[in-house]
Amino acid sequence: MTTPTTDLALDDIRLGDPALWLRPDREGMFAKLRAERPVSFHEERDFPGVPKGPGFWAVTRYADVVRASMDAESFVSGHGVSIPDQTPELNEFFGSMINMDAPRHTKLRKLVSAGFTPRTIRQVEESVRAQARRIVDAVAPKGACDFVEEVAAALPLRIICDMMGIPEMDHRRIFELTNIILGVGDPEYASSREELMAAAVELFQYGQALAEARRTRPRDDITTALIQAEVDGERLTSQELGSFFILLVVAGNETTRNAISHGMRALTDFPAERARWMADFERIAPTAVEEIVRWATPVIHFRRTATRDLELGGQAIRAGDKVVLWYNSANRDEAFWRDPYRFDVTRTPNDHVGFGAGGPHFCLGANLARREIKVMFDELLHRLPDIHVTGVPGVHASALICGYRWTAGRSRRVLSTEYPFERNARRTAILYGPTCDVRALHPCDALSAGTARVLSWLAARPFRPSHSRCRMWHGRADARGARSLRAPGVRP
Ligand code: HEM
């Protein structure tokens, strides 16, 4: 396949401009940058109420992205991995360990790894199969569906929620909150920074309340493992737990959803590759899954900050400069990949940077995501063999997340799929136990010192979190004084 092109002149490729992310020649722009200005400087976009940042370097070649990612002393994450600057409090509040450096990152990563032991992951794997079957059961009789919402988004959401022990009645609200957090910048999903802050605070408090519930009544879930984990005599604080909860539900949801959506599109666009995979599904699955993640590159970029004056890709960088690693571009770099624009389900080797380009922050959930993608396509392609994308999907207007739009209660159909009912709707009976109702003290009754600190900090800022939802929760005390974590609107 030939390298894509763009009509834009080099100086007109402004990666900080939100309008650019809706252009159809995204691949062409990055090909041009890699070829002609592999490390280029860009102005930052305006965010209402936030001072404009100083701009950033865009690193577009595979070798340079890997070099910066591996050198975590010269390129740190502690100033934040998204382009706009935040205060240290907000960085930690939103991003937990993804926005930290050693030694704090090392300690936190060791602690949370207790929740990702082979035993806990094995348990989750069983639930991946059951949930994937359940999703196909639900859509099979319909003959057509909005793939993003009903299939691709449904699986990671249920898995991450099951892992943490979140009851099913709260799944929808968690879904909405993660959409708001990662949808910032796309007016269709998040209209304001206030909404973003309110969503994050709600998730934070939910995570803390869930942990509180597990302290009194431990269960066999990752939330319990996290509160019991101990490294060098230290445990996760309540604040660390709340922030890790935000990171986990956001990182575990949006990314895998987009990998599955792009995978479905690729398998529609390249029927020969689909046929090759179907001819020997189990054997080809490991390489097909890696290729789906390379092809999709659901996380488009993460930022680092230079700690010293240095040179990268022939460009001088000063200490304190923002350095943005464009994973999407590295995953198409002609200098590294043979035929990068070919979707090849048997590509070997496939050292893509979709889960990060190496170093201490490499994706903690990579194995879980691989499993989810494999099992979802196993169920879909075997039970709905004619499934294919029918609509032209709208692209999510974001420089961070490479995703398709989803309906999420709106009327527009987005990544629609069809599979004639007669051939595809062989339903299998699946048994799954009832999910239990988590009850805990209302988060606002017992604000931890950490939460209180964050809230008071936020209160002094122009974008104040809305507490309307907390008030609604307040009204729901049950007879024993315990209050439901149930979010409004989920159940009448
Ligand atoms: C296809 C799906 C996924 C993709 C493409 C993806 C991508 C990434 C990327 C690019 C990073 C940053 C790596 C770096 O800075 O070096 C990351 C980190 C992370 N991911 Fe994923 N991810 C996926 C699924 C998941 C899932 C399912 C979970 C959780 C269950 C998860 C949890 C995390 C966490 C906690 C981190 C931070 C690790 C750290 O800072 O030490 N991810 N992921």
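Which loop holds aspartate 339? Aspartate 339 lies in the loop between helix 14 and helix 15, where helices (H or I, at least four residues) and strands (E, at least two) are DSSP runs numbered from the N terminus.

## Model and overall make-up

This is a predicted model, in which local features need pLDDT of at least 70 and side-chain atom pairs count only at pLDDT 80 or more, while totals for chains, interfaces and linings use all residues. Residues are numbered from 1 along each chain as its sequence is written.

The chain contains 18 helices and 12 strands. It has 492 residues, of which 46% count as buried. A residue is buried if 20 or more other C-beta atoms, placed from the backbone, lie within 10 Å of its own, exposed if 12 or fewer, and partly exposed in between. Among contacts with a separation of 6 or more, 75% join residues 24 or more positions apart; a contact requires C-beta atoms, placed from the backbone, within 7 Å.

## Surroundings of the ligand

A shell of 27 residues surrounds the ligand, a residue being near if its C-beta atom, placed from the backbone, lies within 6 Å. The closest are Gly252, Thr255, Gly356, Cys363 and Gly365. Helix 11 (238-269) and helix 15 (366-383) each supply at least two residues of this shell, and helix 11 gives the largest share, seven residues.

By type, the shell has 17 nonpolar residues, nine polar and one charged. Here Ala, Val, Leu, Ile, Met, Phe, Trp, Tyr, Cys and Pro count as nonpolar, Asp, Glu, Lys and Arg as charged, and the others, Gly among them, as polar.

## Nonpolar core

The largest nonpolar core has 119 residues. Such a core is a set of buried Ala, Val, Leu, Ile, Met, Phe, Trp, Tyr and Cys residues joined through C-beta atoms within 7 Å. Val59, Val65, Ala200 and Trp326 have the most contacts inside this core. Helix 9 (residues 193-216) provides its largest share, 13 residues.

Five strands form an open sheet with mixed pairing, in the order 1-2-8-5-3; strands pair if DSSP finds at least two bridges between them. Strand 1 (39-42) and strand 3 (75-76) are at the edges with a single partner strand each, so one side of each has no neighbour in the sheet. Helix 2 (residues 62-70) packs on the sheet and touches strands 1, 2, 3, 5 and 8.

Strand 2 (residues 56-59) runs antiparallel to strand 1, joined by four bridges. Histidine 42 stands opposite phenylalanine 56, and serine 40 has alanine 58 as its bridge partner. With strand 8, strand 2 pairs in the parallel sense over three bridges; tryptophan 57 is there partnered by valine 323. Both faces of strand 2 are covered, with Phe56 and Ala58 buried on one side and Trp57 and Val59 on the other.

Most residues other than glycine have a negative phi, and most peptide bonds are trans. Aspartate 339 has a positive phi near 55° and is exposed, with 10 other C-beta atoms within 10 Å. Aspartate 232 also has a positive phi, about 50°.

A cis peptide bond joins alanine 102 and proline 103, with omega about 5°. The bond from threonine 348 to proline 349 is cis as well, with omega near -5°.

Key:
Contact = placed C-beta atoms within 7 Å. Axes fitted to C-alpha atoms, helices over the stretch in contact; angles between N-to-C directions.
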